[in-house]
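Subject: Structure handover

Hello,

Here is the structure I promised to pass on. Please open it first, then read my notes below.

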Amino acid sequence: MIEFDISGFGQRTLHHLVLDYNGTLALDGRVQPGVFSRLSQLKSQLQIHILTADTYGTVRSTFGQTDYTVHVLPAGNECAAKAEYVRELKAPSCVCLGNGNNDAVMLAEAGLAIAVLQPEGVARAALTSAHILVPGIEAGLDLLLHPTRLKATLRA
């Protein structure tokens, strides 16, 4: 669990880390450097969920042997499926990271929403649904490892 109370943003108690895979954790189906070590540190504080349409078919070979929840979405309306998944976890208790159009509603539902700008880019819908934009997945995960950093960005 990660807890914080930020003036103008409010109090949050986060239990779940929900991550988009391609474009957020991975580029061209390969996980970005530094991700595994950061997730390993965060798993003692947050339940980790990876949601994906799995464009490259690599998520199960990459994360199948971990204790993270990997959910491959059925084709069609991934945006609604991701948002529903977060709602079932109790959205205010979720921190979500994503970059795509199909992440926008999930980000809008989350207690803390982080848009990730990787080489693939970030969709405007994801950007406008997020509380924070970070320049890469490592920076986004580092905010959770050092939550006092959130204050400088989110306080009113």
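**The sheet and the helices**

His16 has Cys94 in strand 8 as its bridge partner. This is a predicted model, in which local features need pLDDT of at least 70, side-chain atom pairs count only at pLDDT 80 or more, and totals for chains, interfaces and linings use all residues. Residues are numbered from 1 along each chain as its sequence is written, and side-chain values use heavy atoms, with hydrogens and water left out.

Helices (H or I, at least four residues) and strands (E, at least two) are DSSP runs, numbered from the N terminus. Two strands pair if DSSP finds at least two bridges between them.

Strand 3 and strand 8 are parallel, with 4 bridges. Strand 8 also runs parallel to strand 9, again over 4 bridges. There, Cys96 stands opposite Ala113.

The open sheet has 6 strands in the order 7-6-3-8-9-10, with parallel pairing. Strand 7 (69-72) and strand 10 (132-134) are the edges; each has a single partner strand, so one side of each lacks a neighbour in the sheet. The twist averages 20 degrees from one strand to the next. Axes are lines fitted to C-alpha atoms, for helices over the stretch in contact, and angles run from 0 to 180 degrees between N-to-C directions.

How many residues of strand 8 are buried? The count is 5 of 5, so the strand is largely enclosed by the rest of the structure. Buried means under 20% relative accessible area, with a 1.4 Å probe and protein chains only. Cys94, Cys96 and Gly98 point one way, Val95 and Leu97 the other.

Now helix 6 (residues 137-145). Helix 6 lies across strands 3, 8, 9 and 10, at about 170 degrees to strand 8. Of its 9 residues, 7 are buried. Among them are Ile137, Gly140 and Leu141.

Helix 1 (residues 35-42) buries Val35, Arg38, Leu39 and Leu42. Seen down the axis, these fall within an arc of 100 degrees (taken from the directions from the helix axis to the C-beta atoms), so they line one face of the helix.

Helix 1 and helix 6 pack at about 20 degrees, with axes 10 Å apart. They are therefore roughly parallel (angles under 35 degrees). The contact (heavy atoms within 4.5 Å) involves residues including Val35 and Leu39 of helix 1 and Leu141 and Leu145 of helix 6.

Best wishes

Notes:
Buried means under 20% relative accessible area, exposed over 50%, partly exposed in between (1.4 Å probe, protein chains only). Angles under 35 degrees count as roughly parallel, over 145 as roughly antiparallel, 65 to 115 as roughly perpendicular and the rest as oblique.
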